[in-house]
Amino acid sequence: MSKIQKNTVATIAYVLKNRKGEILDQAGAEEAFAYLHGHDNVVPGLEKALDGLAVGDKLSVTVSADEGYGDYDPDLVQTVEKSKFPPKMRSVKAGEMLQVDTGAGWSVVTVKEATATHIVIDGNHELAGEDLFFEVEVIALREASPEELEHGHAHGPEGHNHH
Ligand code: ZN
C-alpha cells in the first residue's frame with residue numbers, strides 16, 4: 001500500500017479555503033482525517049486529486065463547485081408553514097441547522113428565515129456553489145479492513161467509535 005488507490009484508507013491533514021482565502025475547515029497532522037478512498041467519502045474533485053499520492057506528498061488543489069458540493073439549487077429553498085413542524089422545532093432562528101424528513105429521507109437544512117407563521121429552509125449544502133481550495137498532506141495509508149469495505153467508510157483506531 002504505497003499509493004492511494006481504491007479501497008485504501010488514507011489519513012490526510014488539510015486546510016480548506018474559499019475563494020476569498022478564508023479558512024472554512026482544517027485538520028492538522030495530530031487530528032488528521034482518515035477516509036476510505038474510492039467510496040465517495042470526500043468530494044469528487046478532491047478524491048480525484050488524491051488518487052495515486054504517497055505518504056508525505058503535499059498538494060494544492062482547486063475543486064470547482066460542480067466537483068465539490070454541487071451548484072447552488074434554488075429549488076431546494078422552501079417555505080414551510082410552522083404548523084407542519086413539531087412544536088419544539090417552531091422556535092428555530094435563521095442560521096440554525098435542522099434535520100428534516102424531506103419525504104426522500106432525512107436531510108440537514110439551514111434555516112434562512114423564520115417568521116411568526118413560516119420557516120424558510122435551504123437544503124443546499126452550506127458550501128454549494130463554492131469553489132474549494134484545498135491544501136492537503138498525506139499522513140498515512142493502509143489497506144481497508146473487510147468491515148470497512150462493507151460499510152463503505154473508514155473506522156477510527158478504536159474500531160466502531162463513529163457508530
Ligand atoms: Zn462503519
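Domain bounds here come from an automatic or database domain assignment.

**View 1. Two domains of the predicted model.**
The protein chain splits into domain 1 and domain 2. Domain 1 takes in 8-69 + 127-151. Domain 2 covers 74-122. Taken over C-alpha atoms, the centres of domain 1 and domain 2 lie 30 Å apart.

**View 2. The hairpin of strands E1 and E2.**
Strand E1 spans residues 8-17, and strand E2 spans residues 23-27. The pairing is antiparallel, with four bridges. Opposite Lys 17 stands Ile 23 of E2. Five residues lie between E1 and E2. In this turn, Gly 21 has a positive phi of about 85°.

**View 3. An open sheet of four strands.**
The strand order is E5-E8-E7-E6. Pairing in this sheet is antiparallel. Strands of a sheet pair through backbone hydrogen bonds. Strand E5 (77-81) sits at one edge and strand E6 (97-101) at the other. Each of these edge strands pairs on one side only. On average, neighbouring strands of the sheet are turned by 45° against each other, direction ignored.

**View 4. Strands E7 and E8 within the sheet.**
Strand E7 runs over residues 106-114. Strand E8 runs over residues 118-122. Four bridges join E7 to E8, and the two strands run antiparallel. Val 111 has Ile 121 in E8 as its bridge partner. In a regular strand, side chains alternate between the two faces of the sheet.

Methods
Residues are numbered from 1 along each chain as its sequence is written. This is a predicted model: local features need pLDDT of at least 70, side-chain atom pairs count only at pLDDT 80 or more; totals for chains, interfaces and linings use all residues. Side-chain values use heavy atoms; hydrogens and water are left out. Two strands pair if DSSP finds at least two bridges between them. Axes are lines fitted to C-alpha atoms, for helices over the stretch in contact, and angles run from 0 to 180 degrees between N-to-C directions.
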